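Colleague: Can you walk me through this one? I have some questions about how it is put together.

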Amino acid sequence: TWHLKKIPQIVRERTFSLDSPKFEAKPELELNSVCGIECQRKLPAPSLSDLKNLLSYETVFENGTRTLTEVNVLGAGLDPAANTTTRRPPRRKRQIYGTDSRFSIYDKRFMTNFPFNTAVKISTGCSGILVSPKHVLTAAHCLHNGKDYVKGSKRLRVGLMKTKSRGNGRKRKGNSDGLPSFQWTRVKSTHIPKGWFKGVSGDIALDYDYAVLELKRPHKRKYMELGISPTIKMMPGSMIHFSGFDNDRSGQLVYRFCSISDESNDLFYQYCDAEPGSTGSGIYLRLKEPNKKKWKRKIIAVYSGHQWVDINGEQQDYNVAVRITPLKYAQICFWIHGNDGNCTQG
């Protein structure tokens with residue numbers, strides 16, 4: 001069951017203009033020497049001052065201008081997620097673990113319907129997920145390497161799926177049956193938390209590897225709502241699901257599901273098969289609504305990609321996802337609605 005939780009408030013305090021970014025960074029789709037599972041568990045709980053700094057955010061607009069918004073955090077005294085473990089032996093393969101368990105979605109009846117139609121392609125080479133009529137959730141490192149915005153993010157676009165056929169039913173020359181094409185929409189603005197920037201966190205902080213894009217024009221598709229990430233033991237079979245546009249299956253929407261191997265307060269560690277290109281996909285669950293018989297899918301994490309993490313001084317590989325905690329829920333919801341009035345219950 002989805003459990004309702006009291007959500008902290010993110011309150012805008014001040015907004016400053018900043019110099020325009022250079023947009024010269026090279027995208028880094030694989031990050032090394034990230035704080036690993038044991039390291040995460042030893043980190044002290046952030047103070048209110050830390051949270052205000054980490055959850056302040058930059059906004060980049062379509063014309064290249066940039067602002068910094070400082071925030072206050074109210075009601076953040078929440079219990080962190082329990083750090084249960086169901087650890088598996090380390091594996092030394094990358095991205096694809098053993099038998100490839102991914103499914104390419106070809107049938108347009110699935111591809112253009114919920115939940116698969118919520119997956120979008122980002123012009124910098126990542127994936128994302130529709131979270132409102134005008135907003136897309138993706139990974140921060142698809143847009144920013146911790147120091148500067150990546151090349152291509154200045155004229156950022158989002159591709160929404162459509163099937164490759166003419167109105168009269170005939171296929172276009174050279175297109176395979178069932179492969180999606182994209183209706184590209186310009187991005188009006190981009191929000192990234194300060195916690196992602198190296199100058200704030202001291203190093204790349206995967207905990208804050210998420211961003212929200214506001215589209216220039218609203219779409220008319222069904223989107224997926226946000227949810228608070230439950231702990232592993234509260235998930236049916238510890239299973240998660242996500243769809244994206246993996247680089248090794250060009251033009252195909254790729255779906256997968258797998259179980260979580262381990263968790264920290266802010267990250268899921270798993271062996272979901274995935275290749276670059278699926279980074280930024282929304283990870284979702286299907287649980288029952290409280291006091292109802294209806295089931296509902298909600299986004300509970302953002303797929304950050306394949307990473308090497310330090311564990312007891314050794315590097316071990318996982319595919320990592322950023323959990324939507326109550327604080328992140330409050331921030332993303334604030335970015336979507338522009339106020340916290342619609343963000344009090346997760």
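Predicted model: local features only at pLDDT ≥ 70, side-chain atom pairs only at ≥ 80, totals over all residues.

Colleague: Disulfides to begin with. How many are found in the whole structure?

Modeller: A search of the whole structure gives 2 disulfides. Cys126 and Cys142 form a disulfide with sulfur atoms 2.2 Å apart, and another joins Cys258 to Cys272 at an S to S distance of 1.8 Å.

Colleague: Take Cys126 and Cys142. Is the link left-handed or right-handed?

Modeller: The link of Cys126 and Cys142 is left-handed, with -95° about the S-S bond. Cys126 lies in the loop between strand 6 and strand 7, and Cys142 in the loop between strand 8 and strand 9, so the pair ties together parts 16 residues apart in sequence.

Colleague: Is Cys126 buried or exposed? And Cys142?

Modeller: Cys126 has 2% relative accessibility, so it counts as buried. Cys142 is buried too, with a relative accessible area of 1%.

Colleague: What about the torsion for Cys258 and Cys272?

Modeller: The torsion about the S-S bond of Cys258 and Cys272 is about -70°, so that disulfide is left-handed. Cys258 lies in strand 14 and Cys272 in the loop between strand 15 and strand 16, so the pair ties together parts 14 residues apart in sequence. Cys258 and Cys272 are both buried.

Colleague: Switching to rings. How many aromatic pairs are there?

Modeller: The count comes to 10 aromatic pairs. One of them is Tyr269 with Tyr318, which is edge-to-face, 5.3 Å centre to centre and with 65° between the planes.

Colleague: Where do Tyr269 and Tyr318 lie?

Modeller: Tyr269 lies in strand 15 and Tyr318 in strand 18, so this pair ties together parts 49 residues apart in sequence. Tyr269 has 0% relative accessibility and counts as buried, and Tyr318 is buried with a relative accessible area of 1%.

Colleague: Which residues do ring pairs link into a cluster?

Modeller: Tyr57, Tyr208, Tyr210 and Trp335 are linked into a cluster by ring pairs.

Colleague: Which rings have a charged end sitting over them?

Modeller: The ring of Trp184 has the charged end of Arg157 over it, 4.7 Å from the ring centre. The charged end of Lys328 sits over the ring of Tyr208, 5.7 Å from its centre.

Colleague: Now the core. Which residues of the largest nonpolar core touch the most other members?

Modeller: That core has 67 residues, and Leu55, Leu137, Val158, Tyr210 and Leu226 touch the most other members. Helix 5 gives the most to this core, with 8 residues.

Colleague: What is Leu226 in contact with, leaving aside its neighbours within four places in sequence?

Modeller: Its contacts include Val131, Leu137, Ile299 and Ile324, along with Tyr329, Ile332, Cys333 and Ile336. There is also a second, separate core of 17 residues, which includes Phe268, Leu287, Ile300 and Ala301.

Colleague: What span should helix 5 have at 1.5 Å a residue?

Modeller: The 12 residues of helix 5, 326-337, should span 16 Å, and the end C-alpha atoms are 16 Å apart, which agrees.

Colleague: And what follows helix 5?

Modeller: Gly338 follows helix 5, and its phi is positive, near 80°.

Notes
Residues numbered from 1 in each chain as written. Heavy atoms only, no water. Helix = DSSP H or I, 4+ residues; strand = E, 2+ residues; numbered from the N terminus. Expected span 1.5 Å × (residues − 1). Disulfide = S-S within 2.5 Å. Buried < 20%, exposed > 50% of the residue type's maximum accessible area, 1.4 Å probe, protein only. Phe/Tyr/Trp six-rings, centres within 6.5 Å; stacked < 30°, edge-to-face > 60°. Lys NZ or Arg CZ within 6 Å of the ring centre and 35° of its normal. Core = buried A, V, L, I, M, F, W, Y, C linked by side-chain atoms within 4.5 Å. Contact = heavy atoms within 4.5 Å.
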